[in-house]
There are 2 protein chains.
Amino acid sequence: MNERIYLDWAAATPLLPLAKAAMEPYLTELFGNPSAIHQEGQRARDAVEAARTQVARALQVRPELVTWTSGGTEGNNLAILGVVEAVHAAGRAYTDMAVVTTKIEHPSVGLAMEALAQRGVEVRCVSVGETGKIDLTHLNELLDERVVLMSTAYANSEIGTIEPVHAIRKQLNAAEAKHQTHIYFHLDAAQAPLWLTCQFDSLGADLVTLDATKCCGPKGVGVLVRSRRVELAPTIFGGGQEQGLRPGTENVASIVGAAKAIEWAQADWRERSESVGAVRNTAVTHLLEHIPQAVLNGAPCSSGERLANNINISIPGLDTEYATVVLDTAGFAVSTKSACSGAGGGASTVVQETTGDPARASATLRITLGPDSTPAHIQSLTEVLKKHIEKMEDF
Amino acid sequence: MNERIYLDWAAATPLLPLAKAAMEPYLTELFGNPSAIHQEGQRARDAVEAARTQVARALQVRPELVTWTSGGTEGNNLAILGVVEAVHAAGRAYTDMAVVTTKIEHPSVGLAMEALAQRGVEVRCVSVGETGKIDLTHLNELLDERVVLMSTAYANSEIGTIEPVHAIRKQLNAAEAKHQTHIYFHLDAAQAPLWLTCQFDSLGADLVTLDATKCCGPKGVGVLVRSRRVELAPTIFGGGQEQGLRPGTENVASIVGAAKAIEWAQADWRERSESVGAVRNTAVTHLLEHIPQAVLNGAPCSSGERLANNINISIPGLDTEYATVVLDTAGFAVSTKSACSGAGGGASTVVQETTGDPARASATLRITLGPDSTPAHIQSLTEVLKKHIEKMEDF
């Protein structure tokens, strides 16, 4: 895979060498079970807790509010099912509860919601505009005394739209005051750590999901951070690890790597975001100029409402699934939509919901940059893509 | 930690160098998301599927019946909750179902059962004798048309008792024929791969849980193997990974390492079991001879009903929690009971249930050998322990 140009940072990121180095001893001599009382166990325990403190400091939250998970999907499930099950366990019927989300969430949010619906909880979907931004007026209409949870992505994984978290929190606060209730606010922040602040208090959320593999940490590990007022019920059952919220022997090496990656990602998210954002802006201009059929999905680059590394275009009429294969052969790794939506065909739900245009939804290309991406990368990609389009038009 | 003598193989095992080497490329250049269609993604996908085939071959089962999990706890939960939820989804009320287990299971089985009980499923506990072996006569009495699942450890994690899986299967078969029903048989085989065959067909089970960290694989990964007739409902929801049974980006590196470890463990379990069993037998004789207060918990060494590497003794009157700390300081890593039962004090439920003797249950020492353990290790351990006991008696 010489000279590959990897432009699928929303799907997976390379493991930070610093994180890998930190993992090393826990993949060799320090293999103890953190629940064991001997030295081998205690050194593993210390590593897990030091990593928790490290993440807590990076996110400015108390360590005991950080729970290690097996990744973003589990984190989102634990947040969504965990809140509702805890409220249910406290005596409220499922049918007395409603939750609010959007129709453009990652499947791990969307299908957790569907699981709640099957238990009798009412799932309300707030409208999103053409850019994917939550409609605050509609949100306000949906918030009544039955709502216990609002869940959305901090930044959408396909089109990169950054949701107005402070405005949402304000509305939730107002509804809480009005209805004398708690409305927990969950943010799926998997796409955020490299590009946006994840300082917990600054987000106004009650629950925030992170996934290490999206910010240069290892796969199979993430964190769920919660506010003090949140009660959570576990979704799996077993030993008392992670305050009983996530039983099972802790994945020590990966936890250590995840902490390093999250700390590193958050340390200079602003500089990274600015420099990559500049490359992205040049890239989008270039793409749209040379491929006039292309339209940008999501928020304008200049809006401040788009992840710095996200490009998502539609080229109506083009088989973009095939185009990604052609680009792959030419050395470029890009995708059509979220990897978790399945590698197989099918239109983008996100673009369908936001634009209402099936031609756009079935012809998406997602190009997500990394810190080392350059305008030259996109220029050569554009050339290959342009030639491919011309070839297709000749048929 | 020079000259440490690690005797807690039931809690955690060192990562096999072969497994670590296999993981290496997936912790560096091959970081793609297996759901992505580009080369980086496809190489990751190929690795996950090759690992699945490797495990499938080691366990002699079809690859599509192997599901990657985040470890033993999740595997047990997916098996137990997954079977019941699938039967429930097919239209059967929770209150029309019963499940059978024992009172000496790992918390990830015991508490998953408790979760079922809260949903209205009747949980029936079959008696175990003083050695921890399931009482087949009692089992027979418990099996009626309401039973949908029987779950037990293949080998108990504290006292090492190997359950009579074939005799259990026979009884389940008879009950299935009599009541025209399906009774799925789940084995928590976390402790087995190094010491017993895990060939799927030879076990007669419908569901078998393995955990890589118990057989020299990495932490945070395991497999659930199922028979063709099993329908499972997922316990977490998201992307379609693992046939929808376990959504979330696959933990590629750990999966690759787990496959190597399971293959290696199963390749020569018999030779390993024989040689370590011989060391264990010598060790037990030595321990009981030099510490006459000690009694062996579980099945006799000669019975063929005890894991080859398991020693579990009680020294009534001794604070064994403290004794493990003394042994730790002297260089020996041992435990009192299962790590997942919590590092804190408290008697062993397993020994309490099997012996009915609180003095024995509150004074357990679990010593679990590895392939490199020697009689000399146990002789020096015995010396330290003996001196400690004498010192305690002087008070």
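Two strands count as paired if DSSP finds at least two bridges between them. I start there because that cut-off settles the first case. In chain A of this predicted model, strands E10 and E12 are joined by five bridges and run antiparallel. Within that pairing, A:Asn312 stands opposite A:Arg366 of E12(A).

Let me stay with E12 of chain A, residues 364-368. Are its residues buried or exposed? Five of the five are buried, so the strand is largely enclosed by the rest of the structure. In a regular strand the side chains alternate between the two faces of the sheet. Here A:Thr364, A:Arg366 and A:Thr368 point one way, while A:Leu365 and A:Ile367 point the other way. Both sets are buried.

Next, helix H9 of chain A. This helix covers residues 269-290, which is 22 residues. From first C-alpha to last it reaches 31 Å, close to the 32 Å expected at 1.5 Å a residue. An α-helix has 3.6 residues a turn, so residues three or four places apart point the same way. The buried residues of H9(A) include A:Val276, A:Val279, A:Arg280, A:Ala283, A:Val284 and A:Leu287. A:Trp269 and A:Gly277 are also on that list. What covers them? Among the covering elements are H8, strand E9 (295-296), strand E10 (310-314) and helix H13 (375-394), in chain A. E10 is the strand that is joined to E12 by five bridges.

Now the core. The largest nonpolar core has 258 residues, and those with the most contacts inside it are A:Val84, B:Val84 and B:Val99. Take B:Val84: leaving aside neighbours within four places in sequence, its contacts are B:Met97, B:Val99, B:Leu116, B:Val121, B:Val148 and B:Leu149.

Finally, the two chains together. A rotation of 180° with 0.0 Å of shift along its axis superposes chain A on chain B, with an RMSD of 0.0 Å. That is the relation of a two-fold axis. Which residue of chain A comes closest to the rotation axis? A:Ser70 does, with its C-alpha at 3.3 Å.

As for the interface, 58 residues of chain A are in contact with 57 residues of chain B. On the chain A side, the elements giving two or more residues are helices H2 (39-59), H3 (72-89), H4 (107-119), H8 (252-267) and H10 (320-329). H4(A) provides the largest share, six residues. By class, this side has 26 nonpolar, 25 polar and seven charged residues. Of the interface residues of chain A, 98% are also interface residues in chain B, so the copies meet through the same surface.

Definitions and conventions
Residues numbered from 1 in each chain as written. Chains lettered and ligands numbered in written order. Predicted model: local features only at pLDDT ≥ 70, side-chain atom pairs only at ≥ 80, totals over all residues. Least-squares fit on C-alpha atoms with pLDDT ≥ 70 in both. Contact = placed C-beta atoms within 7 Å. Helix = DSSP H or I, 4+ residues; strand = E, 2+ residues; numbered from the N terminus. Nonpolar A, V, L, I, M, F, W, Y, C, P; charged D, E, K, R; others polar. Expected span 1.5 Å × (residues − 1). Buried ≥ 20, exposed ≤ 12 C-beta atoms within 10 Å, placed from the backbone. Core = buried A, V, L, I, M, F, W, Y, C linked by C-beta atoms within 7 Å.
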